[in-house]
Amino acid sequence: MTNSAAPRRHLPTSPFRQAAAPPPPKQFAVGDRVTHDEYGLGRAIGVEGELAVLVDFGSRTERITAPFAKLFRL
């Protein structure tokens, strides 16, 4: 019986790849130029920590919440 709570250790001689670390969370700052898959190009005008970003897309202003899957910094 194995203990599933204990992390598995990776041996240097193992032929298998070590599990990849998750990517760091996206971070935005006021003034960043961004693009969104639905809304297009915009500029970050407000940041609520790691929870949301307020973006001005020209014709509309949208509050984009984490995990920011469709929002990319340019």
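The legends below describe close-up views of a predicted model.

**View 1. The whole chain and its elements.** The protein chain has 5 strands and 0 helices, and from the N terminus on its elements run β-β-β-β-β. The radius of gyration of the protein chain is 19 Å, well over the 11 Å that the globule rule gives for 74 residues, so the chain is more spread out than a compact globule. Its C-alpha trace spans about 60 × 25 × 20 Å along the principal axes. Buried residues account for 20% of the 74 residues, and the chain exposes about 6100 Å², of which carbon and sulfur atoms supply 55%. Among contacts between residues at least 6 apart in sequence, 30% join residues at least 24 apart.

**View 2. The open sheet.** The 5 strands form an open sheet in the order β4-β3-β2-β1-β5, with antiparallel pairing. The edge strands, each of which pairs on one side only, are β4 (61–65) and β5 (71–73), and from one strand to the next the twist averages 40°. Strands of a sheet pair through backbone hydrogen bonds, either parallel or antiparallel.

**View 3. Strand β3 between its two partners.** Strand β2 (residues 40–48) pairs with strand β3 (residues 52–56) in the antiparallel sense over 5 bridges, and in this view alanine 44 stands opposite valine 55 of β3. The pairing of β3 with β4 is likewise antiparallel, over 5 bridges, and here alanine 52 has threonine 65 in β4 as its bridge partner. The hairpin of β3 and β4 has 4 residues between the strands, and in this hairpin glycine 58 takes a positive phi near 95°.

View 4. The covered face of β4 carries Glu62 and Ile64, whereas its uncovered face carries Thr61, Arg63 and Thr65. When its neighbours within four places in sequence are left aside, isoleucine 64 is in contact with His36, Tyr39, Leu51, Ala52, Val53, Val55 and Leu71.

**View 5. The largest nonpolar core.** In soluble globular proteins, nonpolar side chains tend to be buried together. The largest nonpolar core of this model has 9 residues, namely Phe28, Val34, Ala44, Val53, Val55, Phe57, Ile64, Phe68 and Leu71.

**View 6. The loop between β4 and β5.** Proline 67 has its place in the loop between β4 and β5, and a cis peptide bond, with omega about 20°, joins alanine 66 to proline 67. Phenylalanine 68 lies in the loop between β4 and β5 as well, and has a positive phi of about 60° although it is not a glycine. With a relative accessible area of 4%, phenylalanine 68 falls under the 20% cut-off and is therefore buried; Phe68 also belongs to the largest nonpolar core.

View 7. Glutamine 27 is placed in the segment before β1 (33–36). Leaving aside neighbours within four places in sequence, glutamine 27 is in contact with Glu50 and Arg73. Between glutamine 27 and arginine 43, which are 16 residues apart along the chain, the C-alpha atoms are separated by 14 Å.

Key:
Residues numbered from 1 in each chain as written. Predicted model: local features only at pLDDT ≥ 70, side-chain atom pairs only at ≥ 80, totals over all residues. Heavy atoms only, no water. Pairing = 2+ DSSP bridges. Helix = DSSP H or I, 4+ residues; strand = E, 2+ residues; numbered from the N terminus. Axes fitted to C-alpha atoms, helices over the stretch in contact; angles between N-to-C directions. Core = buried A, V, L, I, M, F, W, Y, C linked by side-chain atoms within 4.5 Å. Buried < 20%, exposed > 50% of the residue type's maximum accessible area, 1.4 Å probe, protein only. Contact = heavy atoms within 4.5 Å. Rg over C-alpha atoms; globule rule 2.2 N^0.38 Å. Areas by Shrake-Rupley, 256 points an atom, 1.4 Å probe, with all protein chains shown as cover.
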